[in-house]
Amino acid sequence: MNKRRNRTLLVVAQLVVSAGLLLYLLSQVNVARLLQLWGGVSQPLLWLALALQLGGVLISSLKWWLLLRASGQPVPYGWTVRTYLIGQFFSNFLPTMIGGDAVRIYYLNRRIGRPAIAIASVFVERVTGFLALTAIAAAALGLRAGALSGQLLLGVVACVLVAAAGLVVAFAAPWLVRLATRLPLPDALSWRRRLRSFADSMATYYAYPAALALVIALAFGYQFSWVAENYVAARSLGLGVPPALVALMVPVSDIVGLVPIFFNSLGAREGTFVLLLGQAGVPAESALAVSFLIFAVRLVTSLLGGALYAFGGVERLRGKIGAESEQLGRDS
């Protein structure tokens, strides 16, 4: 009961922060101009943005599929695509109470009965994506650093450094977890068993460097397609934004959006777009129009997952995801 109440309070706090920031940003712009920009969107480029978003899902699903094969769990690729889409639907429409990663872990555990592998596969798939995201941000920062104002430059550098530090911790997780099992923890035997199982499952992927290298290469492919999607969205609104700036803006907004005070990154993405695009002379109305358009594209693509869920593309959750995802920790 306490856990459920805490999750509810977290969602409420996130809604307050995101809504407050969005209302502030909207109060600073000409909303009529923003709507006018949306009304003039290029339809062919909008369809291209949707295609890039769907292509990103296919790449991410392929990454997950390859990781599962490396760990001895050869599930069908079509299954990973359907599950990824359903997870994306839950991420975008119920992002905190039932996250997309929790949905994928739930479905995979139901299929293979190996909770530690289910958790580790989703974790590694996410970490490889974050690796590519951080590398692109660092490269774009090198290209655009001279065009950023002093305080904004320091903020962007801080974001990239924090992301890099997080990557070091994530990739060292198997060794850090094994170290933690030696510490005197409450309910020591149970905790050590769970942590050791997760560490062993994650370390499995390090035993197959060729497969891991391919997954990392695909992660870069996904992130480049994500940057391209944002660039196409900007072009669909008639904005001539430098590609290097988009390659910096997109990863930084994603990194900022990971801070758990935002609801589905709302507010974090829009604020970052306004600040960074403003460095290139793009009006705040245009920056918000691009950000909202990207969010709309993601929501539309997520509806495919909603349709799959509604019509039984993968076995229905029937309201059990919350309880059973918590059970994974006890069973792993």
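Reader: At roughly what angle do the axes of H6 and helix H11 cross?

Author: The axes of H6 and helix H11 (residues 243–257) cross at roughly 135° and come within 8 Å. Axes here are lines fitted to C-alpha atoms, for helices over the stretch in contact, with angles from 0 to 180 degrees between N-to-C directions. This is a predicted model, in which local features need pLDDT of at least 70 and side-chain atom pairs count only at pLDDT 80 or more, while totals for chains, interfaces and linings use all residues. Residues are numbered from 1 along each chain as its sequence is written, and side-chain values use heavy atoms, with hydrogens and water left out.

Reader: What does 135° make H6 relative to H11?

Author: At that angle H6 is oblique to H11. Angles under 35 degrees count as roughly parallel, over 145 as roughly antiparallel, 65 to 115 as roughly perpendicular, and the rest as oblique.

Reader: Is the crossing of H6 and H11 left-handed or right-handed?

Author: H6 crosses H11 in a left-handed way. A crossing is left-handed if the near helix is turned anticlockwise from the far one by less than a right angle, and right-handed if clockwise.

Reader: Which residues of H6 and H11 meet?

Author: On the H6 side they include Phe130, Leu133, Ile136 and Ala137, and on the H11 side they include Ala244, Leu245, Leu248 and Ile255. Contact means heavy atoms within 4.5 Å.

Reader: Phe130, then. Buried or exposed?

Author: Phe130 counts as buried, at 19% relative accessibility. Buried means under 20% relative accessible area, exposed over 50%, and partly exposed in between (1.4 Å probe, protein chains only).

Reader: What does Phe130 touch?

Author: Leaving aside residues up to four places away in sequence, Phe130 touches Ala163, Leu167, Ile255 and Leu258. The C-alpha atoms of Phe130 and Gly166 are separated by 9.3 Å, and those two residues are 36 residues apart along the chain.

Reader: Where is Thr128?

Author: Thr128 is in helix H6 (residues 115–144). Thr128 is buried, with a relative accessible area of 0%. Not counting residues up to four places away in sequence, Thr128 is in touch with Lys63, Leu212, Val215, Ile216 and Ala219.

Reader: And how do H3 and H6 pack?

Author: Helix H3 (residues 43–70) packs against H6 at an angle of about 130°, and their axes are 9 Å apart. That makes H3 oblique to H6. The H3 and H6 crossing is right-handed. Ser60, Lys63, Trp64, Leu67 and Leu68 in H3 meet residues of H6, including Thr128 and Gly129.

Reader: Stepping back: how many helices and strands does the chain have?

Author: The chain has 14 helices and 0 strands. Helices (H or I, at least four residues) and strands (E, at least two) are DSSP runs, numbered from the N terminus.

Reader: What percentage of the residues in the chain is buried?

Author: Buried residues are 47% of the 332 residues in the chain. The chain exposes about 15300 Å², with 68% supplied by carbon and sulfur atoms; such areas come from the Shrake-Rupley method with a 1.4 Å probe, and for residues only the protein chains shown count as cover. Among contacts in the chain with a separation of 6 or more, 75% are between residues 24 or more positions apart.

Reader: How many residues does the largest nonpolar core have?

Author: The largest nonpolar core has 56 residues, and Val156, Val241, Leu276 and Leu277 have the most contacts inside it. Helix H13 (residues 284–310) gives this core its largest share, 9 residues. A second, separate core has 37 residues, including Leu68, Tyr107, Ile112 and Phe198. A nonpolar core is a set of buried Ala, Val, Leu, Ile, Met, Phe, Trp, Tyr and Cys residues joined through side-chain atoms within 4.5 Å.

Reader: What does Leu277 touch?

Author: Residues up to four places away in sequence aside, Leu277 touches Val241, Leu245, Met249, Val282 and Ala287. In H12, Leu277 is among the buried residues, and 8 of the 11 residues of H12 are buried.

Reader: How do H12 and H13 cross?

Author: The axes of helix H12 (residues 268–278) and H13 come within 8 Å and cross at roughly 140°. H12 and H13 are therefore oblique to each other, and their crossing is right-handed.

Reader: Last topic. What is the phi of Asn264?

Author: Asn264 has a positive phi of about 60°, although it is not a glycine. Most residues other than glycine have a negative phi. Asn264 lies in the loop between H11 and H12, and Ser265 lies in the loop between H11 and H12 as well. Ser265 is not a glycine either, and its phi is positive, about 65°.
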